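Q: Could we go through the aromatic rings and the pocket in this model? Please begin with the terms.

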Amino acid sequence: LDFLLFEPKPETSKEFYAEIPVAMSIKADYHNLAIFFDQVARLSRIVNIRDIRIGPAKGNDTKELSTNCTAVTYKFIETPPNKKSKS
């Protein structure tokens, strides 16, 4: 499994959480790619893999695949408590 690209992208804020995307480009055979996706699924934090594009890798080895995808994790956005006014 070779990471050719691991590029964090800007956060996207939603109502009460933010999405944190990471663009990835991976070169691996089918078996190792499947193991990688399985290990991501078992992480203690939620990580979704989106926009998966798989094709043959360029080069002499026909067993390797070139995969481009985006891994997205999330974080909770806390709203600051309201300041109490003095009476």
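A: Helices (H or I, at least four residues) and strands (E, at least two) are DSSP runs, numbered from the N terminus. This is a predicted model, in which local features need pLDDT of at least 70, side-chain atom pairs count only at pLDDT 80 or more, and totals for chains, interfaces and linings use all residues. Residues are numbered from 1 along each chain as its sequence is written, and side-chain values use heavy atoms, with hydrogens and water left out.

Q: Which elements each supply at least two residues of the lining of the largest pocket?

A: These are strand 1 (2-8), strand 3, helix 1 (30-41), strand 4 (47-56) and strand 5. A pocket is an open set of points on a 1 Å grid over the protein atoms alone, where a 1.4 Å probe fits, with protein on both sides within 12 Å along at least five of seven lines; lining residues have an atom within 4 Å of a point.

Q: Which residues are closest to its centre?

A: Of the 13 lining residues, those are F6, V22, M24, V47 and A71.

Q: And how many aromatic pairs are there?

A: The structure holds 5; rings of Phe, Tyr and Trp (its six-membered ring) pair if their centres lie within 6.5 Å, and planes under 30 degrees apart count as stacked, over 60 as edge-to-face and the rest as tilted. One of them, F3 with F6, is edge-to-face, at 6.3 Å centre to centre and 80° between the planes.

Q: Which residues form the aromatic cluster?

A: F3, F6, F36 and F37 form one cluster.
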